[in-house]
Amino acid sequence: MSLDKQEINQLKQWPYRECRGLMKSLKKREPKSGKVLFETGYGPSGLPHIGTFAEVARTTWVRQAYTLMTGEQTLLYAFSDDMDGLRKVPNNIPNRELIAEHLGKPLCDIPDPFGERESYSGYMNAKLREFLDHFGFDYTFKASHEQYRGGVFNEGLGRILDNYEKIRGVILPTLSEENRADWSPFMPICRSCGKVNSTRVVATHPERGTLSYVCDGSLVHEKTGWGYSGCGDESEIPVTDGNVKVGWKVDWALRWYTFGVNYEMYGKDLIDSAKLSSKICRILGEQPPVGMFYEMFLDQEGHKISKSIGNGLTIDEWLTYGPLESLALFIYKRPDRASRLHFDVIPQHIDEYLNHLSRWPDLDRIKRCNSPVYFIHHAQAQDDPEQLGFSTDLNFNVILNLVSVLNSEDREMIWTYLLRYRPDAEQDRELIDGLIDKALVYYRDFVLPTKDYQLPSDEMRPAVDALVVWLDGYDGDDAVEIQNAAYAAGKDAGVNLREFFKTMYQLLIGQDQGPRLGTFIQLYGVKDTLKLAQAKLVELSG
Ligand SMILES: [Zn+2]
């Protein structure tokens, strides 16, 4: 698809805004490798998680927007920081004692706790790639240790050595007084014990391209007694070929400089790091990339989600209750807002996704490019856009309520009701089947445990009885007519209408809330609702 200038100006979604910033920056700085280069970072001390997914997905959407706006292809490097030292044994891995013996070493030099790969980070990197491949992301994988040890970073490392004091000048003001003296951009890997966290630089020798270090640092975790201590080695080593790595903020700048990264986004917690890395990148002689920062996900209570605490949802947990597209929409919407990531946001995002999907067929070309569907179903939106859509007004909440009232896992029965309500649902059988699967699990785990049928109060009883009588004499199945009759029943009895509807939900589905009552009764059927109401009135009285 190619768009003219006027059409491009009508692209308003955030990925396009990001591209405008990127295009502006490219006027000052051509892509180093010919193609515009995007980057995402991954710390392989743990498994990939929802934050990893979100960052790669959002970056991918900016790439797609860029290609739409310019017609040019781009590259994405998924970079793994596997030369970083391991300071603490994560809680969720096997063979923790074995790993504890290797604390302080680079992740790429620690054995794989799962015993499957050549190293700790080898295992985690493989998981990252499986994960990205599973979701169909397009990327080039880069392992930090291969860049260091393969000499890819040598030129940049030489520049860091040449600009040693300038770089210290950027970082020192951000450190506490007592940490300043010992701070060096370089982190030597001890020749003798192989640790990176126990060494410190004591002198640099730019004329020889080397530095001198001592290995005398230590750390012990109080709770476990695990930690590391230096071996006492003192040596002079070259700064190149993987003999040393550089500390995190310098590492980021080194990558940007070496590869010529044009765009990288990062979490809000890294804003200050990104500023410092940008300064260092300029000292090395390159423009830093452009990119937005995104807000962090929050847990149920509104606390920031942390890998180590384990609050918030995993991708697998989301996918148990909602399709991947609903997760993609959650991640797509407002990256600049701190969103609560908890089970209860899933139904809403499924329904928003279905809503976008059902509007798609009627959108013109530009409106389609501004729809989240364009990004969530990118390949199909390009190749086969007319196949995308959703033809009924069924949604997850309707299905969930149906499951709730039927109190059954009988898929055929659920379909019978759905088709009676919306015969055109047949066209989307596969999608709806998937939703039924999710609704059944969601119902079992979240709705069923809170179900509490209640007999109407004496005050509400006349209104309930009036509606039951009306339903008994009603021949149609029109949601609006039923809704009006329900209003009339409540009004005539002189009760609070909101309380009346709540009473009906408590009686029919054992919940405080439900869909529009008229819609619900139409879906479940007038006669079935009548039977259910009468049965519950008897059952709850006895
Ligand atoms: Zn050592």
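Colleague: In strand 9, which residue is the bridge partner of leucine 211?

Modeller: Isoleucine 237 is the bridge partner of leucine 211. Residues are numbered from 1 along each chain as its sequence is written. This is a predicted model, in which local features need pLDDT of at least 70 and side-chain atom pairs count only at pLDDT 80 or more, while totals for chains, interfaces and linings use all residues.

Colleague: How many bridges join strand 6 to strand 9, and in which direction do the two run?

Modeller: Strands of a sheet pair through backbone hydrogen bonds, either parallel or antiparallel. Here strand 6 (residues 210-215) and strand 9 run antiparallel and are joined by five bridges. Two strands count as paired if DSSP finds at least two bridges between them. Strands (E, at least two residues) and helices (H or I, at least four) are DSSP runs, numbered from the N terminus.

Colleague: What is the strand order of the sheet?

Modeller: The order is 5-6-9, in an open sheet of three strands with antiparallel pairing. Strand 5 (199-205) and strand 9 (234-238) are at the edges with a single partner strand each, so one side of each has no neighbour in the sheet. On average, neighbouring strands of this sheet are turned by 30° against each other, direction ignored.

Colleague: How do helix 21 and helix 25 pack, and at what angle?

Modeller: Two packed helices are described by the angle between their axes and the distance between the axes. For helix 21 (residues 461-472) and helix 25 (residues 526-541), the angle is about 145° and the axes are 10 Å apart. Helix 21 makes the contact through Val468, Leu471 and Asp472. From helix 25 come Val526, Thr529, Leu530, Ala533 and Gln534. Contact means C-beta atoms, placed from the backbone, within 7 Å. Axes are lines fitted to C-alpha atoms, for helices over the stretch in contact, with angles from 0 to 180 degrees between N-to-C directions.

Colleague: Which domains does the assignment give?

Modeller: The assignment, automatic or from a database, gives domain 1 (5-294), domain 2 (315-446) and domain 3 (452-541). The centres of domain 2 and domain 3, taken over C-alpha atoms, are 28 Å apart. Nine residues of domain 2 and 10 residues of domain 3 take part in their contact. On the domain 2 side, helix 18 (396-406) and helix 19 (411-421) each supply at least two residues, and helix 18 gives the largest share, six residues.

Colleague: How many helices and strands does the protein have?

Modeller: There are 25 helices and 13 strands. The C-alpha atoms of the protein fill a box of roughly 100 × 60 × 40 Å, taken along the principal axes. Of the contacts with a separation of 6 or more, 70% are between residues 24 or more positions apart.

Terms used:
Two residues are in contact if their C-beta atoms, placed from the backbone, lie within 7 Å.
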